[in-house]
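Visitor: Hi, could you walk me through this one? I'd like to ask a few quick things as we go.
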Amino acid sequence: MSTVSNPGKIVGMYVHQHWPYNHPYCARTWTLDDWQTYAEGLSLLGYNAVLIWPVIETIPDPPTKSDTNHLQKMAAVINMLHKVYRMRVWLALCPNVAPVDELASHASFERRHFFECDRRVNPADRGAMADLMRRRKKLLTCLRAADGVAIIDSDPGGYPGSTNQEFVDLLLEHRRLLDQLRPGIELVYWMHAGWLGYNRFYETGTLSFSTDEENLDCLSRLVAANPEPWGLANGLPFAERLGAADRVVSFNYGRIEGEPSFPLTNFGGDTAYEGGAAPGPRGVMGNAQTHCVQLPNTFAFARGAQQHPVTAADYVAFAENLIPGCGAPIVNGWRCLNGTDKDAMLGAAGELDGQCAIEHETGPLRGLLFGSHRRFLRDLVLQLRMRAAYTDLKMAESRPPAAAIRRFWQTASDWQARHGYENVWWWPDLDETLRKIG
């Protein structure tokens, strides 16, 4: 049975496991010890809930050994989060995604690419839906201690021409499945792009969101079905009109880190803080993709959720609780990384590089370092050097000199080799700047 005991407002972190890359940058690669130390850090910051996407949508039938190991690890993680940190634990699922077994079985869970082996199941096809539920029951049985399951209405999910009623019926199928696994598991409808809006994307290739009328219609059908126990992620204006506002948690997506995102530490501005400070009636959920590099925004989001200030001094105190004696240079590195002064970036990188050679004691938030203060400091050095080299390209009025291009190639390669991220490279103005190279 679930042992969740924190009935207060949710301050949660979504651990996204979609993209395959290196340890500890990619959550797929975390060990149970990694999960526990990270949860310790989250707990000390004030987080009391974790949403986990176990990515069962790509697990073939029969599962590979790596898939079985992954599910067993996730079961142990849920148990640990409950018993040690008394956190609420939800799982995230795509509504109607299943694997192409033959393709999925060719890769281990840790290295498998979602969009190389996924397929969409037609919610109107009763036989196909029955097979999807059979698969999910088999995979979710060992995860049945979870407190809830959040099912997103889009990305990835959807089916051309499918209706709101078919989506609600799909949610009700999951309600019946959860009741078979363990009575009391909460079904959470995660309102995102909207079922009908995303279905149009499949039909036209043009991304659009559901209209307010379409969202209200979908939620009205769910309210009428009343699949208790159930909750709602987002959609507060619609829930208020339907008398269901007390079910809403705000999933303020992208405030800590966008997804998919090239691994690069975010710092500064009010985006993360304001995301945490804008909860629904039941609380707020943040998200990150590369958790070990997004510590400043993880901190700022929690501060906002708890209505605590976040000043320059607060960031230094936070960094001191990571590595005592390094608070000021760490925050300076974060600030320079998100600035435009190349010389300041290189100066910060040099200072932090010197700290890498020192055997530091770690502070109470050491769990956020994933076992290595040197890796954390070195990561910041590599990012600063890459951004400094990039600044030379950006500031060039025309094609940059060959030496500048070579510096960016080398520094970017050094950071890429470190994290191994396998998806889109993007940050503001990157495309425009790289086009100067010709």
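Visitor: Is helix 14 mostly covered or mostly uncovered?
Guide: Mostly covered: 17 of its 23 residues are buried, where buried means under 20% relative accessible area with a 1.4 Å probe, protein chains only. Keep in mind that this is a predicted model, where local features need pLDDT of at least 70, side-chain atom pairs count only at pLDDT 80 or more, and totals for chains, interfaces and linings use all residues. Residues are numbered from 1 along each chain as its sequence is written, and side-chain values use heavy atoms, leaving out hydrogens and water.
Visitor: And what counts as a helix?
Guide: A DSSP run of H or I, at least four residues, numbered from the N terminus.
Visitor: OK, new topic. Which residues of helix 6 are buried?
Guide: In helix 6 (residues 195-204), that's Trp195, Leu196, Gly197, Tyr198 and Asn199.
Visitor: What do they pack against?
Guide: Helix 5 (164-181) and helix 7 (212-225), judged by contact, meaning heavy atoms within 4.5 Å.
Visitor: What comes just after helix 6?
Guide: Gly205, with a positive phi of about 80°.
Visitor: Switching to His70: buried or exposed?
Guide: Buried, because its relative accessibility is 1%. His70 sits in helix 2 (residues 65-83).
Visitor: Which residues is His70 in contact with?
Guide: Leaving aside neighbours within four places in sequence, His70 touches Gln17, Pro54, Ile59 and Phe109.
Visitor: Last one: which residues of helix 10 and helix 11 meet?
Guide: Leu295, Pro296, Phe299, Ala300 and Arg303 from helix 10 meet Asp314, Tyr315 and Phe318 from helix 11.

Methods. Helices (H or I, at least four residues) and strands (E, at least two) are DSSP runs, numbered from the N terminus. Buried means under 20% relative accessible area, exposed over 50%, partly exposed in between (1.4 Å probe, protein chains only).
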